Amino acid sequence: MSKQKVSRCEKCDAYCCKHIAVHIDTPEDKKDCDNIRWYLLHQNVWVSIDFEDNWLLEFKTPCKHVTEDFKCSIYKNRPDICKKYPGDGELCEGETDEPSYKELFKDACEFDRYIKTYYLSSSNELT
Ligand code: SF4
Ligand code: SF4
């Protein structure tokens, strides 16, 4: 998100400025799962589980302030989250091919399959 902060960003197409992800509660019952299905029925919305078992709701939509040459048009006034990304000692998304998630659902069918597989293969029961 800090496109002009470091030289690595010069060769990047502002990958990190083209989506947002927010934490959501881990689904615990059928109602929670139904809500996640609802998210995933919308275009350009993904849900993922990261390697710390956090659930994330992701909107694949670019920031309004990415310029055509992949700069930030409000650089001096960009949000803190942009200034602080990536964290100290962390690689950004543009620097690694490793996925940042262990599960990714791009639509409701993928999520349904996961829920059926996960809950049928474990002692967990959705209420
Ligand atoms: S405000 Fe600037 S740095 Fe932040 S996401 Fe938008 S374009 Fe990227
Ligand atoms: S993904 Fe990384 S290299 Fe690309 S703009 Fe964002 S911080 Fe810079």
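1. Pro86 sits in the loop that runs between helix H2 (80–83) and strand E4 (103–105). The peptide bond joining Tyr85 to Pro86 is cis, with omega about -10 degrees. This is a predicted model, so the angle comes from predicted coordinates.

2. Strand E2 (45–49) pairs with strand E3 (55–59) in the antiparallel sense, over five bridges. One of the residue pairs to look for is Trp46 with Glu58, its bridge partner in E3.

3. E2 also pairs with E4: three bridges join them, and the two strands run antiparallel. Here Ser48 stands opposite Leu104 in E4. When tracing side chains along these strands, keep in mind that in a regular strand they alternate between the two faces of the sheet.

4. Which residue in the hairpin of E2 and E3 takes a positive phi? Asp53 does, with a value near 70 degrees, and the hairpin has five residues between its strands. Asp53 is not a glycine. Is Asp53 buried or exposed? Asp53 is exposed, because 9 other C-beta atoms lie within 10 Å and the cut-off for exposed is 12 or fewer.

5. Asn44 lies in the loop between helix H1 (30–40) and E2 (45–49). Its phi is near 60 degrees, a positive value in a residue other than glycine. Asn44 counts as exposed because it has 10 C-beta neighbours inside 10 Å, under the same cut-off of 12 or fewer.

Terms used: Residues numbered from 1 in each chain as written. Chains lettered and ligands numbered in written order. Predicted model: local features only at pLDDT ≥ 70, side-chain atom pairs only at ≥ 80, totals over all residues. Helix = DSSP H or I, 4+ residues; strand = E, 2+ residues; numbered from the N terminus. Buried ≥ 20, exposed ≤ 12 C-beta atoms within 10 Å, placed from the backbone. Pairing = 2+ DSSP bridges.
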